[in-house]
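This briefing covers selected features of one protein structure. Please keep the sequence and the model to hand while reading.

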Amino acid sequence: MTNSRKTIAVWQPYFLGGGAEAVALWVLVALVNDYDVTLCTLTGIDLDHLNAMYGTNLSRDRLRVRPLLSPGLTHFVHSLIANLPWVRLAFIHWSIRRFKAISARYDLAISTYNAVDLGQRGLQYIHWVNVVEQPWAKAGPVMKLMLMLSRFSEANLKANVSITNSFCTAEVVKQTYGIDAQVVYPPVTTAIAPLSWADKETAFLCSGRVVVAKQTHRVIEILAAVRQRGFDVRLHITGGGGGTYGWGYERRVQKLAAANADWVTFHRNLPYADYLKILARCRYGIHHKPEPFGISVAEMVNAGMIPFVYNRGGQIEIVNAANSDIIFSNAQDAIEKIVAVLESRDRQSALLDALVQQQSLFSTDRFTQEIAAAVATCFPPVPTRPPGTPLPL
């Protein structure tokens, strides 16, 4: 008997930890029960480890994993792509070329790693624009080499059905590529043991990579000023650095944290289970960088925290723009808004009630349902036989 299930190939070049990987895995969860799905990635993956990290329950009985490189190269390749951006880009474009060579064998090709040329009209989940490519006219010499390596077609990219992580990103996608994108918020996959507000620590969490763009040093300075106003708050910084090229900034943050060790703790490369414990016990969060989405902010909301966020980017959608007293425009504004919330229990209670309403936006159930619906639209509907029509002989 012929297998009538549609076949889907999903391209995700690597799994090094982060929100993009969560999206990739939960896209697979959304599809494996209804389609024959193959994950194409650079190297072999530890599926049990990824399931534990992201709360999925994928098995090789329902998911084919197709490494494009020898699994024995996994550690070596991950080291290169984590520390050398242009090497990482070269591996990405090499894998695009390999993926395009096989994508026509499948009924649908999907990228969970931004906008790309899939070799046929497919579906792409866009975390941000121009991550993989640039228009030929704007590309520098190295990028042009990459585009030639993958034989990249911008026309194919623009022909794809597009999904993105926030309305903020959708607007930039329209400006950059001239295409529309459906918004499907990424899923929050953290399984957190709930604590009551009274049992939580009067502490802030700043999570994510410790790199210049995240402005981690500004967070320390802001909360130092809050402490000078008489509030005995603590700060937990979690997350690793930005690879070899980011060591200088990470050392700067380490020194600043050490100078304030009585109230700042820098948890470098914290085990995931320990990160969840900190996430559960902090009352507040702070995020200084404009983000396309901001998965760490969504984790804070789902953990029952009150996060203070910068006034540009997708994180405003996470906390709801109506909650303006936790959205700051600069360091002084952040200080004043944090102090105002800290000194008012009524305001804390109102914010917690408002933020609970946001949590359902980032559930795994909602994500998988919306992805499954979007994928279904990529296939022509099965024709139905009108009642009374005789079956063909």
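The model is predicted. A search of the whole structure turns up one cavity of 30 Å³ or more. Strand 8 (201–207) and strand 9 (234–238) are among the elements that supply its lining, and these strands pair with each other in the parallel sense. Elsewhere, 13 aromatic pairs are counted.

**Cavity**

- The largest cavity has a volume of about 60 Å³.
- Its lining is made up of 13 residues, of which Cys206, Ser207, Lys214, Thr216 and His287 are the closest to the centre.
- At least two lining residues come from each of strand 8 (201–207), strand 9 (234–238) and strand 11 (282–287).
- By residue class, the lining divides into six polar, four nonpolar and three charged residues.

**Strands 8, 9 and 10**

- Five bridges connect strand 8 and strand 9, which pair in the parallel sense; in this pairing, Ala203 stands opposite Arg234 of strand 9.
- Strand 9 also runs parallel to strand 10 (residues 264–267), with four bridges between them; here Ile237 is opposite Phe266 of strand 10.
- Strand 9 is mostly covered, with four of its five residues buried.

**Helix 1**

- Helix 1 spans residues 19–31, 13 residues in total.
- From its first C-alpha to its last, helix 1 reaches 19 Å, close to the 18 Å expected at 1.5 Å a residue.
- The buried set runs from Ala20 to Leu31 and includes Glu21, Trp26 and Ala30.

**Aromatic residues**

- Among the 13 aromatic pairs, Trp11 and Tyr113 are arranged edge-to-face, at 5.9 Å centre to centre and with 85° between the planes.
- Trp11 belongs to strand 1 (residues 7–11) and Tyr113 to the loop between strand 4 (108–111) and strand 5 (123–126), so this pair ties together parts that are 102 residues apart in sequence.
- Trp11 has 0% relative accessibility and therefore counts as buried.
- Tyr113 counts as buried because its relative accessibility is 10%, and the cut-off for buried is under 20%.
- One aromatic cluster is formed by Phe167, Tyr185, Phe293 and Phe362.

Technical notes
Residues are numbered from 1 along each chain as its sequence is written. This is a predicted model: local features need pLDDT of at least 70, side-chain atom pairs count only at pLDDT 80 or more; totals for chains, interfaces and linings use all residues. Side-chain values use heavy atoms; hydrogens and water are left out. On a 1 Å grid over the protein atoms alone, a cavity is a set of points where a 1.4 Å probe fits but cannot get out, and a pocket is an open set with protein on both sides within 12 Å along at least five of seven lines; lining residues have an atom within 4 Å of a point. Grid points are joined across faces, edges and corners, and a volume is the space filled by probe spheres set on the points. Ala, Val, Leu, Ile, Met, Phe, Trp, Tyr, Cys and Pro count as nonpolar, Asp, Glu, Lys and Arg as charged, and the others, Gly among them, as polar. The expected span of a helix is 1.5 Å times one less than its number of residues. Buried means under 20% relative accessible area, exposed over 50%, partly exposed in between (1.4 Å probe, protein chains only). Rings of Phe, Tyr and Trp (its six-membered ring) pair if their centres lie within 6.5 Å; planes under 30 degrees apart count as stacked, over 60 as edge-to-face and the rest as tilted. Two strands pair if DSSP finds at least two bridges between them.
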